[in-house]
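Hi,

Here is the structure I promised to pass on.

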Amino acid sequence: MTKQDVINAVLKKIGPKQDKAFTKAMDELKNEGIIEIKEDGVTLILTQKGAEAF
């Protein structure tokens, strides 16, 4: 099973209401510099700022 398969399986379990909240949360984390999302759209990287925040 690839990373993309795992992500697709998780996203299939998320309903429309949950999807909006998930997208909003991911966008906030990205905009605050807590995480980076690689070009593949699957790989998430915790930034130094994110590591220090938690």
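Below is what I found, going from the whole chain down to single residues.

Before anything else: this is a predicted model, where local features need pLDDT of at least 70, side-chain atom pairs count only at pLDDT 80 or more, and totals for chains, interfaces and linings use all residues. Residues are numbered from 1 along each chain as its sequence is written, and side-chain values use heavy atoms, with hydrogens and water left out.

**The chain as a whole**

You'll see three helices and two strands, and from the N terminus they run α-α-β-β-α. Helices here are DSSP runs of H or I with at least four residues, strands are runs of E with at least two, and both are numbered from the N terminus. Along the principal axes, the C-alpha atoms fill a box of roughly 30 × 25 × 20 Å.

Of the 54 residues, 13% count as buried. Buried means under 20% relative accessible area, exposed means over 50%, and partly exposed is in between (1.4 Å probe, protein chains only). The accessible surface comes to about 4600 Å², and 57% of that belongs to carbon and sulfur atoms. Those areas are from the Shrake-Rupley method with a 1.4 Å probe; for residues, only the protein chains shown count as cover.

Taking contacts with a separation of 6 or more, residues 24 or more positions apart account for 15% of them. Contact means heavy atoms within 4.5 Å.

On charge, there are 9 positive and 9 negative side chains, and the centres of the two sets lie 7 Å apart. Lys and Arg count as positive, Asp and Glu as negative, while His and the chain ends are not counted. Each charge is placed at NZ of Lys, CZ of Arg, CG of Asp or CD of Glu.

**Helix α2 and what comes after**

C-alpha to C-alpha, Ala 25 is 14 Å from Ile 14, and Asp 27 is 17 Å from Ile 7.

Gly 33 follows α2 and has a positive phi, near 80 degrees. Ile 34 lies in the loop between α2 (16–31) and β1 (35–37). With 8% relative accessibility, Ile 34 counts as buried. Its C-alpha is 8.0 Å from that of Ala 53, 19 residues apart along the chain.

**Thr 47**

What does Thr 47 touch, leaving aside its neighbours within four places in sequence? The contacts are Gly 33, Ile 34, Ile 35 and Glu 36. A polar atom of the Thr 47 side chain lies 2.5 Å from the backbone oxygen of Gly 33.

Thr 47 itself is in the loop between β2 (44–46) and α3 (48–53), and counts as buried because its relative accessibility is 12%. Gln 18, on the other hand, is 25 Å from Thr 47, C-alpha to C-alpha, and 29 residues apart in sequence.

Cheers

Technical notes:
Polar contact = N/O pair within 3.5 Å; in protein donor to acceptor, adjacent residues only side chain to side chain.
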